[in-house]
Amino acid sequence: MADTRVEGGDGGGGGGGIRTFPFPVELSVGGVGMQIGPMDGTGHTWHADEAPLERVHRIDFHVVMLFSAGPVRHMIDFTEYEAGAGDLLWIRPGQVHRFSRTSEYRGIVLAMQPGFLPRATVEATGLYRYDLPPLLRPDEAQLGALRSSLAQLRSEYEDTTTLPLSLHTAVLRHSLTAFLLRLAHLAASSAEAARRQGDTTFTLFRDAVEKGFATNHSVSAYADQLGYSRRTLVRAVRAATGETPKGFIDKRVVLEAKRLLAHTDTPIGRVGAAVGFPDAANFSKFFHQHTEMTPAAFRAELR
């Protein structure tokens with residue numbers, strides 16, 4: 001995922017704000033509350049008026065895209081994701097998104113109207129878990145099962161002759177539920193894996209700071225040391241602590257300085273040097289910025 005922030009608005013042109021598209025029932029086979037079919041690379045439309053979707057817009061239904069080629073860059077809720085062959089994007093009702101003018105969309109797309117499935121199924125499949133990631137990367141076994149499930153669903157969707165409409169719709173609901181249960185499991189496990197990875201990244205960063213804070217105050221240096229991008233480090237530390245990596249480092253430096261000032265008679269200049277500030281004036285400025293006290297005043301208050 002390339003998690004580049006994208007500015008909003010109406011996506012260029014027109015001043016009517018972000019357009020919301022309802023589920024295009026008129027484009028469904030038999031008028032049922034779902035659609036499934038191939039992505040043809042161009043001409044992304046949700047509605048019969050064929051309004052261009054390269055502008056930022058909102059949908060009030062679910063969309064799942066399984067890509068057979070890539071890379072495809074697609075914006076969801078003002079974050080841009082990059083999907084490749086075998087990846088899925090799950091866009092939920094109310095989310096803002098935008099198709100890319102430069103990407104070629106190939107694969108299978110599923111759209112589903114809210115209310116098409118019963119409440120118990122909605123709850124079991126986590127259809128409105130907006131905390132789950134929209135970009136999903138199944139492993140080979142998961143991908144094979146999802147493709148098989150989608151193929152069965154598509155076959156049932158296109159078969160309008162062997163069953164009356166009521167039974168056809170019921171079969172579609174069951175087939176759709178089977179696919180969504182697999183998809184929901186993938187989404188939940190992906191979120192858990194990301195959380196564990198974030199925990200691991202933060203733990204390694206925390207340990208590195210504990211060893212190196214006396215001489216190293218650079219976020220980029222820690223990122224290089226650990227083999228992470230600066231962005232990955234920022235995400236992991238913020239998820240674990242609610243603060244930035246720089247804030248975490250500074251807090252550890254201040255804590256050590258306070259300990260030395262409170263529990264030793266080490267001259268203030270040497271305290272500064274012990275926490276990475278060979279220049280006493282710079283140390284005093286740093287300490288005051290974070291405590292609103294000078295090192296001398298802090299020590300005097302404790303004596």
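This is a predicted model: local features need pLDDT of at least 70, side-chain atom pairs count only at pLDDT 80 or more; totals for chains, interfaces and linings use all residues.
**Basis of the model**

Residues are numbered from 1 along each chain as its sequence is written. The term pLDDT denotes the predictor's confidence in each residue, from 0 to 100. Its average over the chain is 86, and 89% of the residues score at least 70. Over residues 1-15 pLDDT stays under 50. For this stretch the model has 38 contacts (heavy atoms within 4.5 Å) beyond four places in sequence.

**The chain as a whole**

The chain has nine helices and eleven strands. Helices (H or I, at least four residues) and strands (E, at least two) are DSSP runs, numbered from the N terminus. Of the 303 residues, 43% count as buried; buried means under 20% relative accessible area, exposed over 50%, and partly exposed in between, with a 1.4 Å probe and protein chains only. The chain exposes about 15,300 Å², of which carbon and sulfur atoms supply 52%. Accessible areas come from the Shrake-Rupley method with a 1.4 Å probe, and for residues only the protein chains shown count as cover. Among contacts between residues at least 6 apart in sequence, 71% join residues at least 24 apart.

**The largest cavity**

Rolling a probe the size of a water molecule over the atoms shows where empty space is left. On a 1 Å grid over the protein atoms alone, a cavity is a set of points where a 1.4 Å probe fits but cannot get out, and lining residues have an atom within 4 Å of a point. Grid points are joined across faces, edges and corners, and a volume is the space filled by probe spheres set on the points. How many cavities of 30 Å³ or more does a search of the whole structure find? The search finds one. About 40 Å³ of space lies in the largest cavity. Its lining consists of H62, V63, V64, W90, L110, A111, M112, L127 and L180. By class, the lining has eight nonpolar, one polar and no charged residues. Here Ala, Val, Leu, Ile, Met, Phe, Trp, Tyr, Cys and Pro count as nonpolar, Asp, Glu, Lys and Arg as charged, and the others, Gly among them, as polar.

**Residues in strands and helices**

M65 lies in strand 5 and counts as buried because its relative accessibility is 1%. In space, the C-alpha atoms of M65 and W90 are 6.7 Å apart.

D250 belongs to helix 6 (residues 245-263), and it counts as buried because its relative accessibility is 8%. Beyond its neighbours within four places in sequence, D250 is in contact with F286 and H290. P295 lies in helix 9 (residues 295-302) and is buried, at 2% relative accessibility. Its contacts beyond four places in sequence include L261, I268 and F283.

**Residues in loops**

N216 is found in the loop between helix 3 (165-212) and helix 4 (219-226). N216 counts as buried because its relative accessibility is 17%. P114 lies in the loop between strand 10 and helix 1 (119-125) and is partly exposed, with a relative accessible area of 33%. Not counting residues up to four places away in sequence, P114 touches D60, F61, P93 and Y128.

The table lists pairs of residues with their separations.

| Pair | Apart in sequence | C-alpha to C-alpha |
|---|---|---|
| P295 and L261 | 34 residues | 7.3 Å |
| N216 and V275 | 59 residues | 9.0 Å |
| P114 and G33 | 81 residues | 8.0 Å |

**Backbone geometry**

Most residues other than glycine have a negative phi, and most peptide bonds are trans. The peptide bond from G70 to P71 is cis, with omega near 5°; P71 is in the loop between strand 5 and strand 6 (72-76). E292, which is not a glycine, has a positive phi of about 60°. E292 is placed in the loop between helix 8 (280-291) and helix 9, and it counts as exposed, at 69% relative accessibility.

Terms used:
Side-chain values use heavy atoms; hydrogens and water are left out. On a 1 Å grid over the protein atoms alone, a cavity is a set of points where a 1.4 Å probe fits but cannot get out, and a pocket is an open set with protein on both sides within 12 Å along at least five of seven lines; lining residues have an atom within 4 Å of a point.
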